[in-house]
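Trainee: I have a model open and want to learn to read its features. Where do we start?

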Amino acid sequence: MGYQEIEVKILEVNRKEVVSKLEKLGGIISFDAEMTAWFFDTKENEIKTRGDVLRLRKEGDESVLTYKKHLSRGEAKIMEEIETKVADAEAMKNFLLASGFELVKQTRKFRIQYDLPEAHVVIDNYQDELGAIPEFIEVEAHNIERLKEVVEALGYTMDDCLSWSTRELAKHYLKA
């Protein structure tokens, strides 16, 4: 059993203002590095059709295999997230390919994550083919109430928030 990921994206933010507010809120940097992600699906795109995600990600020096099961979309994107650390990202990629999954997308971004009580905020900056997407933040919390508190503490409202996936973000900016 995984845990529920409850998150929203806020687009085109002012990094300096967000960082200043996070520091005033006592946010602690828990991650600041490059991430590469590989997304997999079946030949019939069954995972995408369900709104789910199968992702292998290299997060700095660690690698993590994640399955995100779509639960709901409303004020926030809610997914059940099941994940495990992987010793060798390349070997796991080859394992997934040998198991019949297809590599459907690869992304690279720089991420900085600030931890707050029962929440965290990440600042993402995509590279390569998604590099035209302006820097944005994701706010993730243990429940909707805490999510709203953090969004408001950063000076935004829930009207500023989107429950978009990476695919929807790319579609918006890249018309892909």
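**Strands, barrel and side chains**

Mentor: Strand E3 (residues 53-59) pairs with strand E4 (residues 62-73) in the antiparallel sense, over 7 bridges. Strands are DSSP E runs of at least two residues, and helices are H or I runs of at least four, both numbered from the N terminus. Two strands pair if DSSP finds at least two bridges between them. This is a predicted model: local features need pLDDT of at least 70, side-chain atom pairs count only at pLDDT 80 or more, and totals for chains, interfaces and linings use all residues. Residues are numbered from 1 along each chain as its sequence is written, and side-chain values use heavy atoms, leaving out hydrogens and water.

Trainee: Which residue stands opposite Arg57 in E4?

Mentor: Val64. The hairpin of E3 and E4 has 2 residues between the strands, and Gly60 takes a positive phi near 65° there.

Trainee: How many bridges join E4 to E5?

Mentor: There are 10, and the two strands run antiparallel. Tyr67 has Ile82 in E5 as its bridge partner. Between E4 and E5, the hairpin has 3 residues.

Trainee: In what order do the strands close into a barrel?

Mentor: The order is E1-E5-E4-E3-E2-E6-E7-E8, with 8 strands and antiparallel pairing. From one strand to the next, the twist averages 35°. Helix H1 (residues 15-24) packs on the sheet and touches strand E6 (102-116), E7 and E8. Contact means heavy atoms within 4.5 Å. The direction of H1 makes about 50° with that of E6. Axes are lines fitted to C-alpha atoms, for helices over the stretch in contact; angles run from 0 to 180 degrees between N-to-C directions.

Trainee: How many aromatic pairs does a search of the whole structure find?

Mentor: It finds 1. Rings of Phe, Tyr and Trp (its six-membered ring) pair if their centres lie within 6.5 Å; planes under 30 degrees apart count as stacked, over 60 as edge-to-face, the rest as tilted. Tyr126 and Phe136 have ring centres 6.0 Å apart and planes at 20°, so they are stacked. Tyr126 is in strand E7 (residues 119-126) and Phe136 in strand E8 (residues 136-141), 10 residues apart.

Trainee: Is Glu81 buried or exposed?

Mentor: Buried means under 20% relative accessible area, exposed over 50%, partly exposed in between (1.4 Å probe, protein chains only). Glu81 has 5% relative accessibility, so it counts as buried. Glu81 lies in strand E5 (residues 77-86).
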